[in-house]
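Here is a short briefing on one structure. Please keep the model open while reading.

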Amino acid sequence: MAKLTEQQLAKYRAMDRPAFDFAEPGVTVFFERAAEQGYNLDTTGFLQHPGFFQAPHRRSGEGVDIAMVGSPLDLGAIGLAGTRHGPQAVREWSRNYGPINDSTGQIPFEQCSVIDFGDVEWSATDLQTRLNDIYQVFAALGQAGCATLNCGGEHTTTFGCLKGLSEAHDDSFGVIHIDAHCDTMASWGGDVVNDGSIFRQAVLNGFIDPERTVQIGIRGRSNFLWEFSHDSGMTVITADEVFEKGTAYVIDKAREVVGKDKTYFSLDVDGLDSNYMMGTTGPEPFGLNPRQVRDIILGARGLNIIGADMVEMNPNRDSDGKSGHLAAALFFELLCLLADVRSEQQSCGATHWT
Ligand SMILES: [Mn+2]
């Protein structure tokens with residue numbers, strides 16, 4: 001091969017642009033604005049804004065479109081502690097993601113005013129009081145008009161979120177729920193609300209409408225516990241059905257079930273196959289792959305999603321960091337879903353760090 005000609009070199013040298021002169025002008029605008037306010041492109045060292053995806057830390061929902069909140073709770077997990085470290089791990093792994101959504105090209109921080117509220121502060125050590133602490137935070141954020149994105153903690157945290165939002169919206173929500181488990185078991189022995197019973201209790205308290213609830217990815221050794229899902233009219237889509245019928249079918253079905261009214265999106269990371277997600281309280285084989293979960297999140301665009309969560313990521317079981325890495329990617333997908341939905345529904349402000 002001969003060397004490149006002067007003509008070829010001139011052509012390629014004309015393409016050599018300065019840093020921050022990106023082909024997509026919106027990206028340039030974002031980086032110039034955000035970098036001035038402390039958003040770091042190099043995420044390996046000290047971060048001025050160490051929250052989820054470097055969102056600014058604010059302790060109030062006033063004037064905010066989307067509030068991300070950590071709920072470091074594992075008292076309601078049956079058998080295994082550790083998810084209380086989830087929010088901290090997801091914040092750390094979130095350094096790998098953002099600000100641009102790979103599939104849609106959207107920048108949630110340009111679409112919406114986004115904050116990291118920080119973690120729910122506990123006023124006591126017991127489960128009931130801590131659920132009440134979560135409820136109060138989410139009721140206040142809902143009343144301030146925010147969409148919320150909760151990072152667990154285990155699935156019991158969702159009970160506090162739904163209670164607070166249901167009160168603030170004065171509504172019973174539809175639910176898109178990805179999980180290996182329906183979490184609709186009866187209470188036996190101890191706490192009435194725990195991470196295996198939360199969706200039964202959310203129905204019995206009027207937070208959600210079972211006939212507008214779809215549970216996706218269901219499988220495993222606990223299947224005999226979920227009669228309430230079937231009796232109350234929830235739509236249960238097993239992991240096998242997701243593979244047999246495809247994500248396009250699942251998305252169509254989910255959209256049909258929840259309809260146009262207010263809907264909550266709850267992602268238990270154990271919906272993913274344990275090969276991808278061992279860092280969780282109740283890992284289950286024969287489950288969904290990351291692309292299927294991402295596609296279902298992408299497929300919820302245009303629905304009336306008022307809040308979401310990602311729960312049950314357990315760093316104590318995440319020996320190689322694969323689970324935290326993937327969980328943060330999916331948490332970013334949920335943030336982008338909320339930003340797309342919110343900015344379609346109403347005029348939103350951009351995120352400011354200072
Ligand atoms: Mn589960």
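## Metal site, aromatic contacts and a helix pair

D268 is buried, at a relative accessible area of 1%. The model is a predicted one. D268 is among the protein donors of the manganese ion.

**Manganese site**
- The ion takes its protein donors from D179 (OD), H181 (ND1), D268 (OD), D270 (OD) and D270 (OD), at 2.2 to 2.6 Å.
- Along the sequence, the donor residues follow the spacing D-x1-H-x86-D-x1-D.
- H181 and D268 link distant parts of the chain, 87 residues apart.
- H181 sits in the loop between strand 4 (173-178) and helix 7 (198-204), while D268 belongs to strand 7 (residues 263-268).
- H181 has 10% relative accessibility, so this residue counts as buried.

- The whole structure holds 15 aromatic pairs.
- In one of them, the ring centres of Y39 and W353 are 5.7 Å apart and the planes stand at 70 degrees, so the pair is edge-to-face.
- Y39 lies in the loop between helix 2 (25-36) and strand 1 (66-71), and W353 in the segment after helix 12 (322-345), so the pair ties together parts 314 residues apart in sequence.
- Y39 is buried at 6% relative accessible area, and W353 is buried at 4% relative accessibility.
- One aromatic cluster is formed by F20, F22, F30, F31, Y39, F109 and W353.

**Helix 10 and helix 11**
- The axes of helix 10 (residues 247-258) and helix 11 (residues 290-298) come within 10 Å and cross at roughly 35 degrees.
- The crossing is right-handed.
- T247, V250 and I251 of helix 10 meet Q292, D295 and I296 of helix 11.
- The residues of this contact are 3 nonpolar, 2 polar and 1 charged.

Definitions and conventions: Residues numbered from 1 in each chain as written. Predicted model: local features only at pLDDT ≥ 70, side-chain atom pairs only at ≥ 80, totals over all residues. Heavy atoms only, no water. Axes fitted to C-alpha atoms, helices over the stretch in contact; angles between N-to-C directions. Helix = DSSP H or I, 4+ residues; strand = E, 2+ residues; numbered from the N terminus. Left-handed = near helix turned anticlockwise from the far one by under 90°. Contact = heavy atoms within 4.5 Å. Nonpolar A, V, L, I, M, F, W, Y, C, P; charged D, E, K, R; others polar. Donors = N, O, S within 2.8 Å, 3.2 Å for Na, K, Ca; no water. Buried < 20%, exposed > 50% of the residue type's maximum accessible area, 1.4 Å probe, protein only. Phe/Tyr/Trp six-rings, centres within 6.5 Å; stacked < 30°, edge-to-face > 60°.
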